[in-house]
Amino acid sequence: MIFRAKGIPLHINELLVGIITRNPEKQGEQLIFIGDAAPYGDYLAILSCAPASYTGLPTVFNISSLDHLADGDIVSIGPDGIVRTVYRTNSFYNTILATERCNSNCLMCSQPPKDKNDIPYLFELYRRVIPLIPKDCVELTVSGGEPTLMGERFFELLELITRELPDTEVHVLTNGRSFAWDHLAERLARIDNPRLMLGIPVYADYYQVHDHIVQARGAFDQTILGLHNLARHGIRLEIRVVLHQQSIPRLTRLARYIFKNLPFAEHVTFMGLEYTGYTPHNIEQLWIDPYDYNNELTEAVEFLAGQGMHVSIYNAQLCVMPERLWPYARKSISDWKNDYLPACESCSKLDDCGGLFTWNLKKCSAYIQPLSA
Amino acid sequence: MVETLIQRNTRKFKAPDFYAGSGNVYFLLPFRFHRLNDRKEVLVNEVGDHLVVPTGTAARIVQRKLRREDEAELYGDLIAGFFIAEQQLPPLIDVLATRYRTKKSFLDQFTSLHLFVITLRCEHTCHYCQVSRVTSNKDEFDMRYEHINKGIDLMLRSPGEYLTMEFQGGEALLAFDKIVYAIERTKPLALEKGKQMTYVICTNLAVLDEDVLAYCQANNVLLSTSLDGPGFIHNQNRRRPGNNSYELTIKGIEMARQWLGPGNLSALMTTTNLSLDHPLAIVDEYFQQGFRSIFLRPISPYGFALKNEKKNKYEIERFITFYKTALQHILNYNRDGEFFREEYATIILKKILTPFPVGYVDLNSPAGSITNAILFNYDGAVYASDESRMLAESGDYTFRLGHLDTHDYEAVFYGEKAQELADVMVNEALPGCSECAFQSYCGADPVHNHATQGSVWGYRPTSTFCQKNMELIRYLIELMDSDPQVKQIFEGWVSQRRAS
């Protein structure tokens with residue numbers, strides 16, 4: 001999936017954000033027209049694969065291809081001629097990247113943090129994107145980096161989403177550490193969005209293991225306190241557990257810890273390791289074939305589900321896990337990152353299987369095999 | 001906004017040791033311990049989480065002989081489980097506080113169970129019953145309308161939103177007209193005060209008829225009956241003319257299930273001397289009659305075992321043996337894939353395995369008397385519990401809190417008598433209980449103490465309440481520790497789930 005295109009900019013002096021259309025009948029100052037012949041009309045900008053010519057409007061020429069953009073997609077255009085897709089109208093998986101900064105540095109981070117201050121730029125971008133998003137958008141993820149590092153802008157962003165998209169499920173992925181300060185949990189609660197849910201990782205019941213995994217001292221205590229503060233203010237919570245060599249040894253203890261100390265969590269998800277970002281670098285201390293943690297995963301999942309908690313398994317293949325875990329396995333991988341092995345083609349369960357991350361094709365369980373009907 | 005981003009020069013990964021606390025100093029959080037068997041002991045923290053460890057571990061923890069480097073897993077378990085902390089004031093102390101508050105939150109609702117002894121009349125002459133009368137004298141042995149009215153008024157003063165009104169006897173159905181009167185009077189008043197009512201009739205089902213069932217069906221009234229086991233035990237225990245109590249009960253159970261659905265009828269058994277020899281037959285009888293739970297209720301201390309310590313000890317040991325045999329038999333049903341649970345174990349297991357409050361009247365601290373349950377007797381007297389009024393029938397009025405004619409809500413629930421009792425209702429503050437590992441799984445029972453030992457404080461070394469609960473709790477933990485399958489089954493009982 002392509003999220004970026006580049007061409008030769010003309011008359012683009014500032015960041016432009018608009019909605020793609022190829023229909024010359026439609027006009028409007030929020031619309032960005034794609035076409036080689038310059039139309040006469042009221043558009044925010046023109047995108048074209050043709051060589052430069054006069055349009056009278058801000059234009060990016062000479063773009064090698066624009067086939068990845070559908071009418072209704074939202075893009076940003078910079079003075080550098082780069083066209084970024086920020087919202088895909090035909091996808092259920094749209095993410096608002098709040099910042100690439102992070103106060104943790106997880107061993108298996110799939111999107112390693114960057115220490116530059118991107119917050120003013122990204123805030124301004126999404127402040128303009130959010131009002132353009134279709135009102136029937138089903139779900140929107142706010143991710144990072146660590147979104148709460150935006151500070152007050154984090155809450156302003158969520159307020160904007162709540163106001164503009166009242167029917168959209170909003171899923172914020174955060175390490176929860178900031179909410180150890182109760183006034184921030186309270187601030188979030190004041191937004192009063194019943195469709196808001198935070199996904200917060202807890203990797204162990206014991207601080208040293210969790211802190212090592214997230215590479216931050218004190219992170220475990222902050223996250224647990226944060227979860228309690230958020231729960232007290234009625235914020236809906238999901239707990240996310242990534243499965244790897246460091247988290248497996250205490251996994252069954254973690255399940256019991258969650259039930260005893262975090263029973264208010266609305267959802268607990270166990271997620272397979274993504275082979276991207278930091279993971280290849282740390283693979284020696286992370287890798288365990290998913291087949292080899294089936295016992296621990298089964299006990300953890302069945303314990304929590306048995307106690308009435310809602311449990312899911314993400315990023316896992318049906319053929320690797322015991323059949324009793326199939327009811328918990330979800331097809332969770334975003335469309336553009338989802339793939340299967342050649343062996344999967346003859347599998348009878350292919351349609352029910354979550355498959356693999358594209359980047360996991362080169363590092364996956366040795367036990368993947370087609371299932372017969 | 002607190003700036004939580006740490007300025008760092010490098011994002012180079014660090015080894016696990018970097019994230020461990022410094023040094024080997026640790027502090028003790030409140031926890032207690034108990035020997036499970038020759039090899040193991042159990043540690044229990046302040047909110048009831050337990051950890052089974054090798055014998056001698058508690059001593060080593062206290063003597064600061066534990067070293068993280070040598071026993072990383074145990075050390076992690078102790079930190080994660082709120083047994084020790086590396087700071088004098090642990091960072092997650094507020095989580096512990098929330099857990100504690102949650103465990104005790106059964107107190108928030110205050111009195112929920114309201115027992116109305118609607119009549120003392122009965123057509124049975126069960127040999128373990130100390131209260132009922134075979135008589136047709138309604139004036140003397142039925143609850144009078146003005147007492148019913150006043151009882152309802154006191155009940156609706158409870159701060160709780162969910163209230164249970166339970167009709168007892170005698171045989172409650174002999175005064176069915178008064179039950180109907182009481183429910184009909186309560187309905188509009190409860191609606192007005194925003195109370196959610198549950199109505200229960202305790203009955204031996206012998207005089208059950210379709211009029212009663214039709215009313216129960218229309219008004220969501222639950223039935224609670226007695227089934228002591230197979231016919232030869234039940235009829236021996238529960239005498240009535242014609243010696244057909246068992247047959248009538250079974251017929252009544254079938255009828256009640258047809259009318260009300262299987263979930264709206266429950267049965268209780270009472271263990272007698274005869275029962276003690278037949279644990280398997282009693283369990284089988286419950287299973288065959290379609291019950292998927294059984295409550296193995298101990299011998300009542302108010303009958304044959306009263307104030308005789310030597311005999312009590314013997315009897316309670318017999319009961320414990322009976323209980324264990326029955327429990328193993330029940331576990332076998334579960335091993336065969338059936339869901340079938342023992343209710344007393346389930347109550348204790350909920351306290352051991354879940355973070356939630358368990359409001360079982362006979363196993364609470366503060367005790368369930370008054371704080372959870374109150375009893376209005378047929379003659380208008382108010383008692384702290386069902387057992388309290390049984391004592392009163394033998395002339396002991398220690399737990400009489402007042403009378404509906406003379407005492408208002410404040411005088412009953414906050415009066416001198418209630419305050420006296422409150423002193424001995426908290427096992428955290430009772431000698432022998434205050435340092436007990438099983439404190440948070442157990443409760444205080446001043447009525448039992450008084451009845452069996454002549455002191456509301458009680459004396460733990462010879463207390464049958466203590467002997468029974470200590471051993472049963474120890475046994476349940478030992479079973480879970482020694483057999484993962486049992487642990488799974490028990491976790492299923494706690495959550496109403498069939499073990500896979």
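Modeller: Helices are DSSP runs of H or I with at least four residues, strands are E runs of at least two, and both are numbered from the N terminus. This is a predicted model, where local features need pLDDT of at least 70 and side-chain atom pairs count only at pLDDT 80 or more, while totals for chains, interfaces and linings use all residues. Residues are numbered from 1 along each chain as its sequence is written, chains are lettered from A and ligands numbered from 1 in the order written, and side-chain values use heavy atoms, leaving out hydrogens and water.

Now look at chain A, where helix H6 (residues 251-261) packs with helix H8 (residues 294-306) at an angle of about 10°, their axes 8 Å apart. H6(A) and H8(A) are therefore roughly parallel to each other (angles under 35 degrees count as that). Their crossing is right-handed, meaning the near helix is turned clockwise from the far one by less than a right angle.

Who touches whom? On the H6(A) side you'll find A:Leu251, A:Thr252, A:Ala255, A:Arg256, A:Ile258 and A:Phe259, and they meet A:Glu296, A:Leu297, A:Glu299, A:Ala300, A:Phe303 and A:Leu304 of H8(A), with contact meaning heavy atoms within 4.5 Å. By class, this contact between H6(A) and H8(A) has eight nonpolar, one polar and three charged residues (Ala, Val, Leu, Ile, Met, Phe, Trp, Tyr, Cys and Pro count as nonpolar, Asp, Glu, Lys and Arg as charged, and the others, Gly among them, as polar).

Elsewhere in chain A, eight strands form an open sheet with mixed pairing, in the order E1-E8-E7-E3-E4-E5-E6-E2 (two strands pair if DSSP finds at least two bridges between them).

Conventions: Axes fitted to C-alpha atoms, helices over the stretch in contact; angles between N-to-C directions. Parallel < 35°, antiparallel > 145°, perpendicular 65-115°, else oblique.
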